Each structure stands twice: as structure tokens, then as C-alpha cells.
Amino acid sequence: KTSKPSLSRSTTDPAKVSTGRHPPKSSKSSYAHSNNPVLQRPVETRQYVSLAYTDKLSLDGITPSIGSVGDAFDNALMETVNGLFKTECVRTTVFHDGPYKTISDVEFATAGWVDWYNTRRLHSSLGYATPAEFEQAHYATLNREPQPA
């Protein structure tokens with residue numbers, strides 16, 4: 001048998017109504033703005049999206065380029081590119097003058113960095129050639145006419 005909350009006034013503060021329960025503890029987190037419970041999506045929703053995405057890739061004949069759950073390969077490439085972008089574009093003024101003031105400044109600097117990275121940057125993994133030079137050399141070897149022996 002449970003008792004109903006008492007509507008009598010609290011003995012410590014006559015203005016408060018006692019509900020028979022302890023007040024919720026406040027969060028010690030500096031990010032907490034309230035003590036209200038937070039609604040979270042169920043895990044199944046994320047699993048469903050992941051399965052739907054995997055099915056779509058399979059139907060289109062595409063192999064996903066991510067690692068399996070729990071290995072370090074799924075984010076390694078993206079984290080590397082992010083680090084290079086921050087180092088070479090964001091933290092320097094090579095691709096922009098002074099601090100970013102508008103979204104257009106960020107977009108323009110990003111476009112400049114992506115163009116440089118994809119076409120003119122010397123890549124050690126390509127023998128210190130630019131991607132454009134490496135690609136040109138690659139296709140030149142594929143299109144080479146057979147030479148008589």
C-alpha cells in the first residue's frame with residue numbers, strides 16, 4: 001500500500017507543498033541548464049538508419065569504406081584530413097587574410113584549401129608529386145602503346 005502525497009505545508013518552508021518525495025539533486029555539470037529529464041532516441045532508431053544505409057549501399061553495388069565496429073580504421077582517414085585542414089587552413093592565414101568574419105570567408109578559404117590539397121599539394125605517399133601529376137603519370141602508363149620487341 002502506498003501513501004498519497006501530502007498537501008500539507010512543509011515544516012521548513014511554509015510556502016512549499018510537500019509531495020512526500022525528496023527534491024531532485026541539481027547537476028554538478030556546468031552544461032546542465034535544468035533538472036528536467038532529457039528524452040533520448042532509442043538505440044533502435046540509429047540501428048535502423050545504419051541498416052537502411054548499408055542496404056542502400058549494397059543495392060547500388062557499393063562497398064562501405066568504414067571499418068567494423070570497435071576498430072580504429074573507421075575514422076582514421078577523416079581525422080587525418082580534419083587535422084591537416086585545421087593545421088594548414090584554419091590556424092594559418094595562407095588561405096585567408098586575418099580572422100574569419102563571415103561564413104563566406106570560411107567557405108572561400110575552405111574551397112581554396114581543397115583545391116590546393118587535391119591538385120597542387122606535394123604528397124609524400126605519391127613520391128612528393130602533386131595529385132594532378134601522379135594521376136597524369138598513372139593514365140599515361142595505362143594508355144601507352146605496346147612497343148615491338
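Mentor: Start with burial: a residue is buried under 20% relative accessible area, exposed over 50% and partly exposed in between (1.4 Å probe, protein chains only). By that rule, 9% of the 149 residues of the protein are buried. Bear in mind that the model is predicted: local features need pLDDT of at least 70, side-chain atom pairs need pLDDT 80 or more, and totals for chains, interfaces and linings take in all residues. Numbering runs from 1 along each chain as its sequence is written, and side-chain values rest on heavy atoms, without hydrogens and water.

The protein has four helices and zero strands; helices are DSSP runs of H or I with at least four residues, strands are E runs of at least two, and both are numbered from the N terminus. Along the sequence the order reads α-α-α-α.

Is Glu88 buried or exposed? Glu88 counts as buried because its relative accessibility is 16%. Setting aside residues up to four places away in sequence, Glu88 touches Val94, Phe95, Trp113, Trp116, Tyr117 and Arg121.

Take Arg121 from that list. The side chains of Glu88 and Arg121 form a salt bridge, at 2.9 Å from N to O; the term asks for a side-chain nitrogen of Lys or Arg within 4 Å of a carboxyl oxygen of Asp or Glu. Why does this pair tie together parts that are 33 residues apart in sequence? Because Glu88 belongs to helix H2, while Arg121 belongs to the loop between H3 and H4. Both partners are buried.

The whole structure holds three salt bridges. Asp115 and Arg120 make one of them, at 3.0 Å from N to O. Asp115 is partly exposed because its relative accessibility is 36%. Arg120 is also partly exposed, at 47%. Another bridge joins Asp60 and Lys56, whose closest N and O atoms are 3.0 Å apart. Asp60 has a relative accessible area of 44%, so it is partly exposed. Lys56, at 48%, is partly exposed too.

Stay with the loop between H3 and H4 for a moment. Thr130 lies there, between helix H3 (103-120) and helix H4 (131-142). Thr130 is buried because its relative accessible area is 10%. Beyond its neighbours up to four places away, Thr130 touches Thr119, Arg120, Arg121 and Leu122. That list includes Arg121, the salt-bridge partner of Glu88.

Now the aromatic residues. There are three aromatic pairs in the whole structure. Phe85 and Trp113 form an edge-to-face pair, with centres 5.1 Å apart and planes at 75°. Rings of Phe, Tyr and Trp (its six-membered ring) pair with centres within 6.5 Å; planes under 30 degrees apart are stacked, over 60 edge-to-face, and the rest tilted. Phe85 comes from helix H2 and Trp113 from helix H3, so the pair links parts of the chain 28 residues apart. Phe85 is buried because its relative accessible area is 19%. Trp113 is buried as well, at 4% relative accessibility. Ring pairs also bring in Tyr117, giving a cluster of Phe85, Trp113 and Tyr117.

The largest nonpolar core contains six residues: Phe85, Cys89, Phe95, Ala109, Trp113 and Tyr117. Such a core is a set of buried Ala, Val, Leu, Ile, Met, Phe, Trp, Tyr and Cys residues joined through side-chain atoms within 4.5 Å. H2 and H3 are the elements that give two or more residues to this core. H3 gives the most, with three residues.

Leaving aside neighbours within four places in sequence, Phe95 contacts Glu88, Cys89, Ala109, Gly112, Trp113 and Trp116.

Conventions: Contact means heavy atoms within 4.5 Å.
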